[in-house]
Each structure stands twice: as C-alpha cells, then as structure tokens.
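Hi there,

Here is the structure I promised to pass on. Have a look at it first, and my notes follow below.

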Amino acid sequence: MAEIADRYDPSIVESRWYREWEERGLFGADPASPKPPYCIVIPPPNVTGSLHWGHALNNTLQDILIRYKRMDGYNALWVPGTDHASIAVHVILERQLAAEGKTRHDIGREAFLERAWKWKEESGGTIIRQLKRLGASCDWSRERFTMDPGLSRAVRETFVRLFEEGLIYQDDYIVNWCPSCQTVLSDLEVEREERDTDFVYIKYGPLTLGTVRPETKLGDTAVAVHPKDKRYAKYVGKTLEVPSVEGTITLRVIADSAVDPKFGTGVIKVTPGHDPIDFEIGRRHNLPTRTVIGFDGRMTAEAGKYAGLDRFEARKRIVEDMQQLGLIERIEPYRHSVGLCYRSKTVVEPLISRQWYVNVKPLAEVATKAVRGRRIKILPRPWVKTYYHWMDNIRPWCISRQ
Ligand SMILES: [Zn+2]
C-alpha cells in the first residue's frame, strides 16, 4: 500500500484534478448543444503584472456561478481573456527602459512594440497560470486578448455606431499636459511629489483668498465660496469690481460645494482653463474659460503684459507686481503635492484640449430601468441606492487622450 501523507497538501491534489478536468474537456461549451445556454465573459484582467486578491475573489464568484449552472443542466461557457491596458503597459515599459538609461525614442517604434508584445506574453502567461491555479473552469480554447483582430474590429464597429447615434462627440476637456514632452499624460503617468511653496493670500476687493498659483490669476473667471458658508452669503450672485495687476477686473461670486470652507479663507479663485476642479466648477456654472498658459509652458497673449514669460517666471513677477500694488495680504510657507511628468519630471500643466466623449446619460437610464424593474437584482439591497445615485449623476465619459 502506498504511503498516505499525514497532512493534506492542496497543491498536489488541486493540480492533479485540474489537469484531469482539462484533459477530459469538462470546461468546453458546445455550440450544437440542445441545453439552454449560460455564458459569462470574464472581465479581462490587465496585463500589468500578476493577479491580486481582488481577482481571486471575483473570479471565484464567477467560477461558482458557472460550475453551478453547468451541473444544473446548462450549456455553460466562461470565456477567458486578458486586456492590453495600453497606457498602463506603456508606462511599465518606459520605466523598464529608463532603468536601462534609455527612452522609447532611442530604441524606435518597432523595437518598442516588440517589447510590448514580449511583456504581454510574460504577464498574460502569468495571469492565465494564476487563473488555472485558482481552479477557474474557463473554456481555454476560446481565450482572447483585447487586441485580437476580431475584438479590435468590434471596438471600431461600436465606436462608429455610437458616433452615428450621436452618443460619441468631441468637446473640450482639461488634460494633464507636459510642456517638455509636448504630450498629454494619463493620470497614471503623473507622479505626485511633496514640495514646499508659497501660499499667497491675495485681496479680491472685499474678499481675500489664498493660492499657490498666483500666475493663473490672469485666467480667473469667478471666485467661489461654499453654499453654506454664512460669512460670504451676502456676496453670492454679486459681481465684484476687483483691483488687479491688469487694472480693474469684474468677477462673479458663485457658490459651489466643491469649495472647502475650512481651507484657507474659504474663498477660491476659479480658473477653468488651468485647474481640473475649477474646470468642473466652470462647467456647472457656465463660466467662460481663459487660457493664459500655452502648450509651451509660456504665458499666452491673453496674459497681457506677462505674455511670453515662462509660467514660473510669471509667478514671481506677478507676486512682485501685486506686492507693489498692495494686493497681497500675506504669504505663508506651504507644503503640497505637485503633479510631475513621470518621464521628464516637469511640473504638469492642466490645459484644455479637444477630446472625444461618450454621452452616457441615455445609456445609464436604460441601466437604471433594468434595476427598477427588478430585471437585475443588486445584492445586498442597500447598494441599490448607491447605484441609482451613481447612475443619476453620471457625467460624459472622456475616452481619448489626444
Ligand atoms: Zn514630460
């Protein structure tokens, strides 16, 4: 009689059974089967390394459903695959190159793509091995990658269809711009770094507000306070005549809940052209946009006498000018997180550019209806409210990085 191990070793048992299941083709689905179909398409994991605990949980849940239906007489199919996650992979490859002291321009397009495919093989291979170790009962003969020709064709087809239905359109959007690399950066490509700077308290007529970016003052199109802030309630809706470096300017005072009443004086300047939060505030209140810093990181003609200056030089000059005019109340040292380009370490400039959007509102309405009509059930129930809140407040989805 063979020795029986005195301890249960799952790795031996699981790998033996997994091989057995695969060899017998137990995970395959047959298109000709008369059984009712039951199908799950895996939310494809990104090929950015290896799976984490979240994947272990959600893939186990999918496996439970698929195995249950398979045993319950359904023609069950779980389609596996991986996602290219192009920007994230691009960033990983550039970091690897940087470690070798190279850039993607040094090696050229062909060699870069070669590396990308090699990375995909490695990371994708790891992910598939991990799924198999988890016991996932996927039909591996149908494995897909989101850049396979068929899937790419489906993306183009969907894009054109949504465009023809008026659901895809172009509009302005605020993006992370690197003036050195002359490119848009995704949020993943922006590194955060704590830096010391000046927090400048500027007088705006009867109001005072603090900012770390006084040079963007030239692009202000409003000042904002929190709607519940009693200190400033009497100014809301009024238009102020404010002495400034370009003479007297007029600014509307608006109330928006994005303002933190406990931060600084509780008043903020709104510069929709150069700050993502201000851009959103501007959209909500139909504020005009003034672009005073250009794609080269220099002040534009809109900046008047500061035109042509580098943005940091302009910051110094404008503070000096305001000091002479008595417009600065005080300057405090301040430590804050600055966004840097992950390649050149240049300070990222939020700028407005033309991008592609999906109008998701009508799509969200259909999704909400499915839950209201109990066609889709959300468990546990309290999350239904969260779901409605999310769907009812959904905003246009920016799908390009141009
Ligand atoms: Zn850069």
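**What I found**

The protein chain divides into domain 1 (10-147), domain 2 (183-354) and domain 3 (357-398), with bounds that come from an automatic or database domain assignment. Please keep in mind that this is a predicted model, in which local features need pLDDT of at least 70 and side-chain atom pairs count only at pLDDT 80 or more, while totals for chains, interfaces and linings use all residues. Residues are numbered from 1 along each chain as its sequence is written, and side-chain values use heavy atoms, with hydrogens and water left out.

**Domain 1 against domain 2**

The C-alpha centres of domain 1 and domain 2 lie 46 Å apart. Seven residues of domain 1 are in contact with six residues of domain 2 (contact means heavy atoms within 4.5 Å). About 500 Å² is buried between domain 1 and domain 2, and carbon and sulfur atoms give 57% of that area. Buried area here is the accessible area (1.4 Å probe) that two parts lose on being put together, summed over both. On the domain 1 side, I87, V91 and R95 supply 61% of the area buried against domain 2, more than any other three residues.

The side chains of E94 and R343 meet in a salt bridge, at 2.5 Å from N to O. Helix α3 (residues 86-99) gives the most to the side of domain 1 that touches domain 2, with six residues. Helices (H or I, at least four residues) and strands (E, at least two) are DSSP runs, numbered from the N terminus.

**Helix α6**

Which residues of helix α6 (residues 276-285) are buried? They are D278, F279, I281 and G282, where buried means under 20% relative accessible area, exposed over 50%, and partly exposed in between (1.4 Å probe, protein chains only). Seen down the axis of α6, these buried residues fall within an arc of 165°, so they line one face of the helix; the arc is that of the directions from the helix axis to the C-beta atoms. An α-helix has 3.6 residues a turn, so residues three or four places apart point the same way. The cover over the buried residues of α6 includes β5 (168-178), β11 (247-255), β12 (267-270) and β14.

At the N-terminal end, D275 caps α6, with a side-chain oxygen 2.9 Å from the backbone nitrogen of I277. Just after α6, N286 takes a positive phi of about 55°.

Most residues other than glycine have a negative phi, and most peptide bonds are trans. K345, not a glycine, has a positive phi of about 65°; K345 sits in the loop between β13 (328-341) and β14 (349-358) and is partly exposed, at 42% relative accessible area. R374 likewise is not a glycine and has a positive phi of about 60°. R374 belongs to the loop between α8 and α9 and is partly exposed at 43% relative accessibility. P380 lies in the loop between α8 (361-372) and α9 (383-392), and the peptide bond from L379 to P380 is cis, with omega near -5°.

Best wishes

Definitions and conventions
Polar contact = N/O pair within 3.5 Å; in protein donor to acceptor, adjacent residues only side chain to side chain. Salt bridge = Lys/Arg side-chain N within 4 Å of Asp/Glu carboxyl O.
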